[in-house]
Structure formats: structure tokens, C-alpha cells
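I opened the notebook on a structure that was new to me. The entries below record what I looked up, in the order I looked.

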Amino acid sequence: MFFDVAMTLPNYFLADLPPEAILTPQLISDACQSIRKNRERFISELQQERIVRCLAQAAKNWLDHDHPIRRLALEPGRTQFSPETLATGLDHYFSRVTEESLFNLLTQEFGHENRLDSPVSTPEENVHRRSAMVTGPFLIAHITAGNIPCPTFSSMIHGLLVRSAQFVKCASGNSFLPRLLAHSIYEIEPKLGACIEVAEWAGGSEQLEGQLFHEADFVTATGADVTLKNIRSRLPSGKGFLGFGHRVSFGYITKDFLSRAQARLAAKQAAIDVIAWDQSGCLSPHAFYIEEGAAMTPEMFAAMLAEELAQLESQQPRGNLTVAESAIVTAARGFFEVRAANSGGTKIWASEESTAWTVVFDDDTVFQHSCLSRFILVKPAKDLESALRAAEMVRGKVSTVAIAASVVAVTPLAQQLARWGVTRVCPIGQMQNPPLAWRHDGRPVLADYVTWTDVEQ
Amino acid sequence: MQITDSIDVAEAVKAFIRLPAEAVDDSKFNALALQLFAVQFERNIVYGNLCKSRHALPGIVEHWTEIPTVPTTTFKDFELSTLNTENRMTHFQSSGTTNQKACRHYHDSTSLSVYETSLAAGFTVHLTPETAPSVRFISLTPAPDSAPHSSLVHMIATVSRNQNERVFFGQLGADGNWTIDLTSFRSALAGSMGYSVCILGTAFLFVHLIDALTKLPLQHPLSVGSCVMETGGYKGKTRELSKADFHELISRHLGIRPNHIVTEYGMTELSSQAYDRVTGREQCYFKFPHWARARVLSPETGLEVANGEPGIITIVDLANIASVLALQTEDLGIRHADRFELIGRSQLAEPRGCSLMSP
């Protein structure tokens, strides 16, 4: 057992230090030097299989209800999520992390799962008597956003797959889950754990970040576009950079899926998309467009979605909001309430005596941002083309579109969405549950990190 | 008295404003609030519809705390007015922060006179309590002809109506922002030696003024008894500065005693203002005069929070005769009995998504 009876974690990482500990550029520099050294000593000699096995084992531990790491993660009050919502999110995420999926990811990215071990060939390369291997950066710094842990988990897994030392910088108050992942890796394979550092501080600290950027070879950042721009401007030349900016998502339900029986199923799935991670990530839907012309009208669908949200709320309650966050929901509700009272085209369903969930049907088709925290807009659409026209203002900023359509209809709809600029199309109910090999914002998963070495014979 | 027309309403509210604060109790406030509610329910269509949807009707609502509140943000998208289009003599508007539609508050001559009665009564109590005839008003804002739709400028013009000397030293910049005509401001101060002055403006303008005075300090200290009224520090425009530090700077650069700096809390959608002190006296939390009442409500439950707890500030303002008397603001505050402390604003800086980064 790697932590004591009081479930306190050992001090391996900067984020394990007591809150009063003050980080200095020197500490950041020392930490970077040490993980860089550990990478040299440990990871470069590890076989890919061992890294993959360690990650798959860590995932199994997170899924194991009796494992202390999961029990600690789910202690109430540790994160902004209710234990039930967090448990569901963790189950979805870690059940996707298996030896098979990790090897498949390597093959997807590099054409061969052993590219990082030695020069290898695909059959196509073999024809020309060529082989190739890839090398990851020495040290990656991840500047992570605060809302949900999955993107940070993925960054850490990707970094280990390309065998880099990693410094994970978390937003204030958000290092708990990434820290636990680092500990769970350390527990299984201390050599891998020793190549990770996790720290938290309020973003924008020029001194600390300046030192980190100086030490790192590659920087990834997730956050508001303005934050990314700011980080990019502070990077010394010659550093690799990957930025994941602001994205929104929505759903589209075709009339084929709006028969009475199917609509109920679609509403259940839509509700799952709304409640996952309390709707706080960029894969969460802001709105659902409902195709007109079916027995189930968009407004009836909204009512059904409200019923499903009310039911799911009892199983996976939304986490507590700060007063400021909850005031935003109240203000948004107030706005639509005035609109609903004055127009037949707007209707609102909401949880009573709390801001736990809200559904707004609005016949104005123009895309609107939801205030999130389980607040969803339902809008009518003649067809996908008109829905995309209505969403023109967010074109280029859309991550995921979930669709509910018959099997034959999916391909043409996906083509239409791809050409419009959408980077991920998924079934309804799966918006916050992308596969491990999902190409975030349309970028390759690992390929952006590595340098290729071609070997000709 | 059963109020039926707008003149009656206006007269009743003005009479209420003129009552000594000690003479007003909850039942008197309640009676007038319910009458005004009944009038607005009938005449303000948008508001009436909202009340109907909440099943909160005159006759059913028994206490002013049950009167349905309207979010101030809805003033951007709806015409919340009891006045027909042809009776709207003027309007005040605030654009809020950038990229937002303006909130409009319409007036006719009757409602405007109630606004003026209300603002003057509140202002006098807090800024010119001794009604010294020699106080000179110096406003950092532009004059009404440059800013005809600013409710703040109208307020300053109203309280300084009898002053012969120039009052306004602000000007409209090419970008629409307000700036200060510093040369004239300096000579006005020099010309006011021997008088107590009352300098008025937005927190944003005072920051500009401090910047200018840092480079070129004032030659002469202001007369004893001079005061400052600053407002609007929560509109997201002033640079990050705590209120205490901000007041310390004002005090140092203008030579005004810190206890003579009064903060006003007001907005376009209201016709009454809260203040945090009477000039020269101890600072306290914000309080409205007796014809308006603020409550701090939990955004989760809609119930009034306990003392010391944070929530959304809601206001019932009897002087809001031509729009809606009950408003839910975007401001967050901490309740201190019947007073409140501002702690911030609850608006989305930008649409959230992955942009939701914790500080």
C-alpha cells in the first residue's frame, strides 16, 4: 500500500507539498533537472511494452472499487464534482485505457507499435528497404485547464508513451486528480513516476512559467484563446508548442430518431451528455438541434429531456457551484423566463429550489452559448444544413457534434460536418467519452510531439 | 389611497421619499410597493406576462419580498416600461461592458421628476448633509449634452442645477470613452480656493485623474470639508485595485480626508442609489434610502441569505415608477443585516468551454 492509514499521499511531487509551501523558479528548475535526468536514466531503456503495461495497470487500479487510489479520488469534497458524477467520468475514461487501445494508438500514430524502441518498417516501407523510429521531446511542460481532469490525464499518458519527462502545471485548486494519476503510476513503476512532476499555481505567474518554459523542450497548453496567445508569446524560440483553445459542441437529432420510442432513448442519451462532468468541458453540448417534421416536435423533445435530467440528477447529482457560478445560471434562467413569458417560442423547465438542471426550448435557431453547469438549449432545425447556418458564428470553434441518425444517414451527415469544420462526430450519449486515440481538435494524438529518424538500407 | 394614474403614483412616491426615514416602517413600505406593483403589472406588458407566468398577481402577492424580480440583463432585450412609445420623453442607457447590447430605462416627465426627487434626496443626505451653500460641484464626467443618456450625468446635473460655475470637466473621446479635460479641471480647482468642493465621477475616471496627478500634483490642497463621490467600480473597466488602496490614492492626490470619500452604488435600471457613508462619518456597508430596499438572495434557492453570507443583490426601488420596481442585479454581495457589501459581478466574461480556466 503506498499511502498511510489516514489516506495521505507521500510527498513525491511539488503538488504534494502543504499549501503554505512557496514555489520558486529555483524549485521549478531543480524539479525539471531531476525529471530530465530520470528520463535519461530510466525511460530511454524501458521497452514500449513495459510502459503500456504500466499505464493499463494504472487504469485498472482506477477502475477497481477497492483500490485506495479510487477511494481517495472519490472522497466527497475533493473536487467540484459529486462522487457519483466523478465515478462515472472516471469509469468511462479509464475503461478506454487498455493495453490493446494503447498499442493501437501507437500504430495509428506511427504506423507501427514499436517505433519508439528501434527502427521498424511497415510493409510499405519494407518495399523500399526503409525503416524508421521516432523520438519524443526530453521534457514536456503541460499547462492544463482547470475544468475536467481527462485532458490532463491524456496529456500525461501521451507524454509517457513518447517517453518524455513531464512537468504538469495545474490551475489553482485543480491538481488533485492529476496528482493521483502520477501517484498511481509511481506505485506501479517508480521509474516512470520519477519522470513526472505535478505542481499547481495560479496561471500567469511570469517568473515560475518563464523558468518552466526555459527548461522545457515542448509546451502544451489548454485554455482560453487569449491565454494560449499569451503563453505562445512568452515561449523562447525553438520550443515546440501545442495549444488547445476554446471549443464548443452541440448535438443534432434527425427525425428518423424522433419516433415516440426512439425519442425517449435519444433524450436519455442527450441527458447523459449534459450531465457528464457537469457539462464543464468543451466536448459537452451547449445545445441540441432537433429536426422538425417528426411526430415528436422539438418542444416535446425538450420536455422529455427535462424529465430525463430530473431523473439523472437523483443518481448523479451536479456538484456544488460557487455563488458566482450559480448566479450565472440564475441570471440565464431569469432571462429565458422573461422571454418565455412573452413569447410562445420559448419554454423553460428547471429543477426546483436549486440550479441543478435547466432545459430551454427556444425556436430562435441561432446558436447560443449555454452558461453550462447542466443548462441546455433545445432548438428546432429543418435539416443539418440549416442548423449549421444557424451555428455559423461558432464555425471553426466546434469540437464535437453528436448525432442521432440511422446507420445509413450517418456517413453523409459526417461528411457534411467534416467539410463545415467539425473535428469530431460521435453518437449521442458519447460526447464526453471519446476513445483514447481521439484526435483532439483534429490534431494527431502523438505525432506532433516526435521527431522521425529514417533509416535506409 | 388606491393609485390609478401615473401622476398619483408619482405623487405618492414623492411624498414617501419626503417622509423622515424614522417615520417609515415595513408596513408603509409594503403598502406602497404593492400598489406600485399592481400598476406595473397592468401597464408594463413584459413584466405583467412574467408575473402571470409565475402566478404572482396583485392581490395574491402580500409582501414586497414576494414581488417578482426581473434580471437587469433583460433590459437589453426587452422594453421594460409602463410608458407607451409616444410618451417616452427620454431614456438612460448603459452599454455595460464591451460587445453587449445597451440596457434602456425609459422616462416621461413624471417619472423623471420622481428620479430627480429620489436622487437628490439620497445625494443630499450623504454628500452635502450640512447643505453648505458654498459647496462647488466638479464632475469628471462629460456634460449632459455630450452624454444625454447617462443616468449618472443626469444625476450630477440635477444636484448641481443651481451652480453658476462650470460643473462638468469630462469630454467624450473619439472612441466614445470618457476622458477628463485636465487643464480646465486644474484651473477650476484653483478657482475654488476657499470653497468646499465635491468631486464626482466614475472610479475609472478617478484612476485617470490619479495617473495625471501623479505626474503633475495639485498646487494647493482642497479646502477642509471637500469630498469625493465615486461610483461604478464594478463595471470591469478600472484596473485591478482594492477599494482601500484606491481611496488611499484619491486621498493622497486630492488632499481629501479618507472619510470624505463616498462610494455610490447605482445603475441605469434603478432610480435610487445606495451609499456606503455620509461624508465625514464612519464607512459602513451599502444601504439604500428608505424608499428602496436591497436583499441578498441565494442564487440556488432564491431565499435571503444569512448575515455574512454571499448571494445575488436584488432591489425593490419605489422610485422606479415607469419600469419595474423589483430588480435582480448581476452583482454579488455579502449581506450585513439590511446593508450589503459588493464582492463582484456574475457575468460570463466569455462563453465557457475549455476556456473555463481557474485562476
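Entry 1, one residue. I began with A266(A): leaving aside neighbours within four places in sequence, A266(A) is in contact with I253(A), F257(A), A404(A) and I428(A). Contact here means that the C-beta atoms of two residues, placed from the backbone, lie within 7 Å. I noted that this is a predicted model, in which local features need pLDDT of at least 70, side-chain atom pairs count only at pLDDT 80 or more, and totals for chains, interfaces and linings use all residues. Residues are numbered from 1 along each chain as its sequence is written, and chains are lettered from A and ligands numbered from 1 in the order in which they are written.

I placed A266(A) in helix 12 (residues 260-275) of chain A. Helices (H or I, at least four residues) and strands (E, at least two) are DSSP runs, numbered from the N terminus. Is A266(A) buried or exposed? A266(A) counts as buried because it has 27 C-beta neighbours inside 10 Å. The rule is 20 or more other C-beta atoms within 10 Å for buried, 12 or fewer for exposed, and partly exposed in between, with C-beta atoms placed from the backbone. I also looked up L305(A), which is 39 residues from A266(A) along the chain, with 8.7 Å between their C-alpha atoms.

For F301(A), not counting residues up to four places away in sequence, I listed L258(A), A263(A), A267(A), I290(A), M296(A) and V378(A) as the residues it touches.

I found 16 helices and 14 strands in chain A. Buried residues make up 51% of its 457 residues. The C-alpha trace spans about 70 × 60 × 45 Å along its principal axes. Helix 16 (residues 407-420) of chain A is followed by G421(A), whose phi is positive, near 120°.

Chain A is divided into domain 1 (14-246) and domain 2 (248-427), with bounds from an automatic or database domain assignment. Their centres, taken over C-alpha atoms, are 32 Å apart. How many residues of domain 1 of chain A are in contact with domain 2 of chain A? I noted 10 residues of domain 1 against 12 of domain 2.

Between the chains, 41 residues of chain A are in contact with 32 residues of chain B. Helix 14 of chain A gives the most to the chain A side, with 14 residues. By class, that side has 18 nonpolar, 20 polar and 3 charged residues. Ala, Val, Leu, Ile, Met, Phe, Trp, Tyr, Cys and Pro count as nonpolar, Asp, Glu, Lys and Arg as charged, and the others, Gly among them, as polar.

I found 8 helices and 14 strands in chain B. Of its 359 residues, 48% count as buried. The C-alpha trace of chain B spans about 65 × 55 × 40 Å along its principal axes.
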